[in-house]
Amino acid sequence: MARRAAIIGTGSFFPPKVVTNNDLTKVVETSDEWIRSRSGIEERHVTDYATATSDLATEAGKKALAASGVDPLSVELIVVGTTSPDTLFPSVGAILQDRLGLKKAVAFDVSAACSGFNYALTIASAFIENGTYNNVLVVGADTLTKYVDWTDRSTCVLFGDAAGAVVLTAKEDGSGVLSNYLYTDGAGGKDLVMPGGGSRDPEMRNGRFIKMNGKEVFKFAVRALEASVVEVVKKAGLELSQISCLIPHQANIRIIDHVIKKLGFPAEKVFVNLQKYGNTSAASIPLALDEAVKAGKIKKGDIVVLAGFGAGLTAGANVIKW
Ligand code: ACO
């Protein structure tokens with residue numbers, strides 16, 4: 001049988017501080033009703049100033065490694081999807097290599113915003129399939145609440161902080177990543193931008209906050225999520241009816257509802273936890289996957305689809321046989 005990347009451990013972590021919709025009504029002119037009805041979000045977890053993305057990623061990574069049972073010294077690669085690294089360099093991956101004692105692993109970050117985990121998983125699975133590595137840690141982690149303008153009600157209500165991780169190992173028993181699909185639309189990049197902090201504006205003269213054209217991102221998200229699911233399932237040689245569990249990026253319940261309606265996909269097979277966490281960017285899919293696994297929603301032999309979209313603009317999806 002083909003050599004594939006199988007998920008043998010999952011883990012996740014979010015900061016303890018909860019900010020409810022009602023808390024936000026004290027910060028901006030909004031209401032619990034508006035946020036719930038337009039996004040589905042009820043609360044989110046927010047980091048304090050001293051906590052950085054690698055701190056959340058370290059905890060998620062520890063849990064995934066413990067669940068997998070792999071020897072830390074047998075992990076050969078770490079790929080982290082993040083757009084809120086602690087520093088421009090070193091990478092969050094390099095920080096994790098040191099903190100988690102994965103002394104033999106090479107490590108790097110992938111920048112694809114909310115699709116970051118799908119991109120990281122795609123890269124990691126290719127390295128396993130081609131025989132380069134046997135054991136890989138893949139992480140999605142972001143702290144975008146540090147980059148939202150807390151006076152801009154159209155963005156600050158949407159985001160939360162978290163990290164999620166999986167351990168992949170090479171298997172030849174039919175399980176593992178069956179197909180990947182990635183998509184980028186650079187022309188749409190202007191609709192979701194963090195202008196400050198990069199080499200274009202290191203002094204952040206243009207501001208240090210996320211700028212989003214919500215309506216355009218919404219339209220892209222609906223189109224891209226539907227296309228990603230259709231394409232990745234086709235690439236796996238499967239039909240939609242064979243999918244046991246769909247885990248979409250947890251940005252907005254209206255995006256998810258639109259897409260599953262268009263696909264004719266049953267809502268009971270879609271895992272949603274965005275009401276508790278908001279949009280945690282690259283962490284959203286591995287956090288939801290970890291919860292779904294722990295809740296017993298994913299069993300051996302199940303076909304799971306992970307599908308994300310985000311700034312770039314980017315989209316990506318993976319089909320996994322559990
Ligand atoms: N509370 C109350 N009113 C609000 C709020 C708020 N928090 N935010 C906006 N409004 C107001 C607007 O000002 C507007 O008022 P106006 O008509 O008087 O101008 C009205 O509500 C409607 O605003 P819209 O932007 O049309 O609201 P919409 O229904 O489009 O919902 C939303 C906005 C939730 C942002 C939606 O467009 C969306 O989800 N877009 C996609 C966002 C997304 O998924 N982004 C993440 C991508 S992932 C990544 O890579 C980071």
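The model is predicted, so local features need pLDDT of at least 70 and side-chain atom pairs count only at pLDDT 80 or more, whereas totals for chains, interfaces and linings use all residues. Residues are numbered from 1 along each chain as its sequence is written, and side-chain values use heavy atoms, with hydrogens and water left out.

Polar contacts here are pairs of N or O atoms within 3.5 Å. An N or O atom in the side chain of Thr 30 is 2.6 Å from a nitrogen atom of the ligand. For Trp 34, a polar side-chain atom lies 3.4 Å from a ligand nitrogen, and a polar backbone atom of Gly 214 is 3.0 Å from a nitrogen atom of the ligand. On its own the ligand has 1000 Å² of accessible area (Shrake-Rupley method, 1.4 Å probe), and the protein covers 75% of this.

Turning to helix α5, this element spans residues 116-129 (helices are DSSP runs of H or I with at least four residues, numbered from the N terminus). Its 14 residues reach 20 Å from first to last C-alpha, close to the 20 Å expected at 1.5 Å a residue, where the expected span is 1.5 Å times one less than the number of residues. Helix α5 is largely enclosed by the rest of the structure, because 10 of its 14 residues are buried (under 20% relative accessible area, 1.4 Å probe, protein chains only). Among them are Phe 117, Tyr 119, Leu 121 and Ile 128. After α5 comes Gly 131, with a positive phi near 85°.

Technical notes: Polar contact = N/O pair within 3.5 Å; in protein donor to acceptor, adjacent residues only side chain to side chain. Helix = DSSP H or I, 4+ residues; strand = E, 2+ residues; numbered from the N terminus. Buried < 20%, exposed > 50% of the residue type's maximum accessible area, 1.4 Å probe, protein only.
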